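Biologist: Before I rely on the labels attached to this model, I would like to hear how each was reached. Could you set the values against the cut-offs for me?

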Amino acid sequence: MPDALSALLADRDWLLADGATGTNLFNMGLASGDAPEFWNVDAPEKIRTLYRGAVEAGSDLFLTNTFGANAARLKLHDAQARVGEFNRAGAELGREVAGAAGRPVVVAGSVGPTGEIMAPMGPLTHAAAVEMFHEQAEGLKAGGADVLWLETISAEEEFRAAAEGFALAGMPWCGTMSFDTAGRTMMGLTAPALVRLVEKLPNPPIAFGANCGVGASDLLRTVLGFAGAAPRRPVIAKGNAGIPRYVEGHIHYNGTPELMARYACLARDAGATIIGGCCGTTPEHLRAMRAALEAHVPGAPPGLAAIAEALGEFSSASDGTGPDAAPARRPRRRRRE
């Protein structure tokens with residue numbers, strides 16, 4: 001039997017993923033610095049509301065509230081012993097909401113980066129990283145997640161460790177990296193390099209792609225980079241809702257539902273099959289994206305000028321692969337908004 005996501009992909013030309021987790025939970029009252037994964041146990045109705053928001057807006061899949069539910073990140077809150085509990089609870093709530101949807105909806109178990117730098121540049125060994133990813137995967141599996149969804153990864157070594165941990169759990173998975181200014185991840189990978197990495201893995205993902213990053217324009221340039229490398233599996237595009245601005249003590253994203261609707265159609269033409277939003281993307285954005293994709297007549301891949309005209313200028317002149325490509329920057333910790 002195929003997994004739920006592969007079954008949907010066999011019948012559909014495109015799927016709508018969900019939007020932001022952090023943005024929507026902050027709107028529900030989550031305080032900055034608090035770990036949202038605690039709400040899987042302490043405020044389950046708010047997590048049901050988060051999931052329902054995506055489903056009711058038309059998403060074909062949504063991610064669980066487990067992005068930071070690994071031992072390294074939870075240790076910052078003295079909760080490293082609760083990895084299994086938080087992941088299982090987050091997936092169980094997702095299973096409940098998906099089961100009531102009245103149509104096939106995939107529950108994707110969100111797995112973010114460990115927050116540690118891997119050896120030889122940092123202290124996290126490959127074996128320790130595999131153990132962390134395996135532990136999280138088992139919790140999501142126990143809660144009923146259909147697939148695992150690795151996201152916002154910057155390092156090839158961490159991507160490989162996650163794939164190995166997921167294989168130990170016997171779970172299908174998808175994986176996205178975050179490409180920042182100048183078209184590279186913080187650890188220096190380009191879009192074509194990710195395509196090569198994915199195809200060489202002994203346990204490759206069902207689909208792969210990009211999430212978060214700088215803005216929708218930059219993310220679509222990355223998607224074009226994937227397509228140019230002739231990938232053999234579906235591409236994921238989960239771009240931010242515009243550019244973040246710091247306003248009155250809070251981060252706000254300037255992307256309107258209309259902009260995200262244009263982004264969704266351009267992502268489809270650029271070669272993406274699974275299309276959603278990341279930071280700043282609300283159910284209102286998702287409803288506009290769903291309507292736009294349903295009405296969209298597929299066209300040729302957009303040029304860079306067309307992307308910039310529709311979504312705004314790129315943050316850099318380079319996509320990370322030319323002679324003017326910027327070197328990798330020093331790593332920093334990131335949390336999905």
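Biologist: Why are α9 and α10 called oblique to each other?

Modeller: In this predicted model, the axes of α9 and helix α10 (residues 216–228) come within 8 Å and cross at roughly 50 degrees. Roughly parallel is kept for angles under 35 degrees and roughly perpendicular for 65 to 115, and the pair is therefore oblique. The crossing of α9 and α10 is right-handed.

Biologist: Which residues make the contact of α9 with α10, and how do they divide by class?

Modeller: From α9 come Ala 191, Pro 192, Leu 194 and Val 195, and from α10 come Thr 222, Gly 225 and Phe 226. Five of these residues are nonpolar, two are polar and none is charged, with Gly placed among the polar residues by the scheme in use.

Biologist: What is the crossing angle of α6 and α7, and which residues of the two helices meet?

Modeller: The axes of α6 and α7 cross at roughly 35 degrees and come within 7 Å, and this crossing is right-handed. Val 83, Gly 84, Asn 87, Arg 88, Ala 91, Glu 92 and Arg 95 in α6 meet Glu 135, Gln 136, Gly 139, Leu 140, Ala 142 and Gly 143 in α7. The contact of α6 with α7 divides into four nonpolar, five polar and four charged residues.

Biologist: How do you know that the length of helix α8 agrees with its number of residues?

Modeller: The 14 residues of α8 (residues 156–169) should span 20 Å at 1.5 Å a residue, and the end C-alpha atoms are 20 Å apart, so the two values agree. Buried residues in α8 are Glu 158, Phe 159, Ala 161, Ala 162, Ala 163, Gly 165, Phe 166 and Ala 169. These buried residues pack against β3 (106–111), α7 (126–143), β4 (147–153), β5 (173–177) and α9 (191–200). Just after α8, Gly 170 takes a positive phi of about 65 degrees.

Biologist: Why is Thr 273 called buried?

Modeller: Its relative accessible area is 14%, and the cut-off for buried is under 20%, so Thr 273 counts as buried. Thr 273 sits in the loop between α11 (257–270) and β10 (274–277). With its neighbours within four places in sequence left aside, Thr 273 is in contact with Leu 9, Asp 13, Trp 14, Leu 15, Pro 234, Val 235 and Arg 268.

Biologist: What makes the phi values of Thr 152 and Ala 230 worth a remark?

Modeller: Most residues other than glycine have a negative phi. Phi of Thr 152 is near 60 degrees and phi of Ala 230 is near 55 degrees, both positive values in residues other than glycine. Thr 152 belongs to strand β4 and, with a relative accessible area of 3%, is buried. Ala 230 is in the loop between α10 and β7 (235–239), and at 56% relative accessibility, over the 50% cut-off, Ala 230 counts as exposed.

Biologist: Which residues are joined by a cis peptide bond?

Modeller: Ala 119 and Pro 120 are joined by the cis bond, with omega at about 10 degrees, and Pro 120 is in the loop between β3 and α7. Most peptide bonds are trans.

Conventions: Residues numbered from 1 in each chain as written. Predicted model: local features only at pLDDT ≥ 70, side-chain atom pairs only at ≥ 80, totals over all residues. Heavy atoms only, no water. Helix = DSSP H or I, 4+ residues; strand = E, 2+ residues; numbered from the N terminus. Expected span 1.5 Å × (residues − 1). Buried < 20%, exposed > 50% of the residue type's maximum accessible area, 1.4 Å probe, protein only. Contact = heavy atoms within 4.5 Å. Axes fitted to C-alpha atoms, helices over the stretch in contact; angles between N-to-C directions. Left-handed = near helix turned anticlockwise from the far one by under 90°. Parallel < 35°, antiparallel > 145°, perpendicular 65-115°, else oblique.
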